[in-house]
Amino acid sequence: MKDKAMSREYEVVVCGGGPGGVAAAIAAARLGARTCLIERYGHLGGLATGGLVILIPHLSGGTQLQEVKGICWEVIEYLDKMGGALHPLQEELGKDDVETVNKWEHYFSVVVEGRVRMSVYTDPEALKYVLQELLKESGVDLILHSLIVDVLTEGDRISAVITYSKSGRQVIKGEIFVDATGDGDVMAAAGEDFVTEWDPSNRSSTVALVFRLGNVDTEEFFKYKRSNFNTYAQLMEELRQKVGFRALPMPSWRKDVVWVNNWMAGIDPLDVMDLTRAETEIRKASVVIYEFLKANVPGFQRSFILDTAPQLGIRGSRRLIGRYVLTKEDIYKGEKFPDTVAVFPPIEHNVSEQYPYVYFPLRALLPRKTRNLIVAGRCFSSDGWFNDLYNLITHCFCMGQAAGTAAALAVDRKQDLQEVDIGALRASLLNQGVFLGE
Ligand SMILES: Cc1cc2nc3c(=O)[nH]c(=O)nc-3n(C[C@H](O)[C@H](O)[C@H](O)COP(=O)(O)OP(=O)(O)OC[C@H]3O[C@@H](n4cnc5c(N)ncnc54)[C@H](O)[C@@H]3O)c2cc1C
């Protein structure tokens, strides 16, 4: 194909439009950096929309305090205005009384060890709209339908990414690059070291093709589950044996829609034939799962397959080996790094009474070689155990906000990312309403 010559130049080039990329682009543009976001598909949100992953969990950790705010919460407040989110009220956070717990008991990640957390069920179509509007309001240039296929480098810096689209090959130049492709495509192309191994017991070693069922009576489903807990568990085990992997219906932001999450093992997310196998085998199984639910579980009798995710659900692929590698031990140490840029309530309640939070240092987003590259999202530098727990949408939004802020500061001060003043970076994040554990 003949290339339509296009060479654009930006200060910050964000690669990938999932939660990590969108937050990075918004943060960088709001701080005045000329920013673009490049996305291979025609919509924003990554797995949170295209993957039909419609749960943004653990914005709070079981107390009355909601720790995660910033761009992640801004998105949810925007969704609320559109009626595109379902979550507990602020005054319900931390509650453990029977009435409140019963209200939320079927909503995975809302009631954790008997207490209510801020976990949000979203409408993926509304989320696509909200992310697009927030990018536009922030002044980000959006380049959709463009797959990043390579990088151009000069010494230890990236000078441009190469995209491929219906316009042919194009060159997008920049000063700072954010790899938010989820799979770490840019860092890999730049020659950074990474790992791809996952322990088979990690959730992130599996892939999914999420699908949704419409016209479900979730009240009837919940009632059945509550009074037939063991029978339901046996049915789900029977279904697992029938299709060869676990599949579970999960509630959504609407009472008549469920999303069916699933976990297929043995797929290499960087092998196109494995991706093809996962897509086709899970699609085939989705009909079996649907018919099984319809025949056996009250509430599904009049349901239908509403849609399957346009994007295969990759839970984990490349992980950067960066300037700091977060490990399982870091979860339990509660170490406050001097360069902490994101802080989260633990996924498991009370991992440590003494250290109630999990800390992310900037170094876990910085590669070892390339001086003008930062990662944001699930490819952050970590072992499989840490990544498995803290690669959720909430965490990716927050990593993105930190990465975009660091990128804008580097541009403003004409510095490499490794030289960014940590005090100024943290001050800017606090100013944006980000919780840093204080
Ligand atoms: C089935 C499933 C269930 C999950 N359940 C939950 C859950 O309940 N709650 C939760 O919070 N998290 C859940 N997760 C995890 C969560 O969805 C992801 O970890 C999170 O979305 C990662 O965000 P990200 O921005 O790093 O990457 P992604 O969401 O993967 O976004 C990356 C973006 O980059 C684009 N891109 C990739 N490569 C290129 C390229 N070469 N050129 C241009 N664009 C590119 C992609 O199209 C995509 O838009 C689940 C994941 C899966 C798969």
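**Salt bridges and a sheet**

Guide: Glu 105, at 34% relative accessibility, counts as partly exposed (buried is under 20% relative accessible area, exposed over 50%, partly exposed in between, with a 1.4 Å probe and protein chains only). The model is predicted, so local features need pLDDT of at least 70 and side-chain atom pairs 80 or more, while totals for chains, interfaces and linings use all residues. Residues are numbered from 1 along each chain as its sequence is written, and side-chain values use heavy atoms, without hydrogens and water.

Visitor: Which side chain meets that of Glu 105 in a salt bridge?

Guide: Side chains of opposite charge can pair when their charged atoms come close. Here the partner of Glu 105 is Arg 226, at 2.4 Å from N to O (a salt bridge is a side-chain nitrogen of Lys or Arg within 4 Å of a carboxyl oxygen of Asp or Glu). The two are 121 residues apart, with Arg 226 in helix H6 (residues 218-227); helices (H or I, at least four residues) and strands (E, at least two) are DSSP runs numbered from the N terminus. Arg 226 is partly exposed, at 47%.

Visitor: How many salt bridges does a search of the whole structure find?

Guide: The search finds 23.

Visitor: What is the strand order in the open sheet of four strands?

Guide: Strands of a sheet pair through backbone hydrogen bonds, either parallel or antiparallel. In this sheet the order is E17-E18-E16-E19, with antiparallel pairing (two strands pair if DSSP finds at least two bridges between them). E17 (246-251) and E19 (304-308) each have a single partner strand, so one side of each lacks a neighbour in the sheet.
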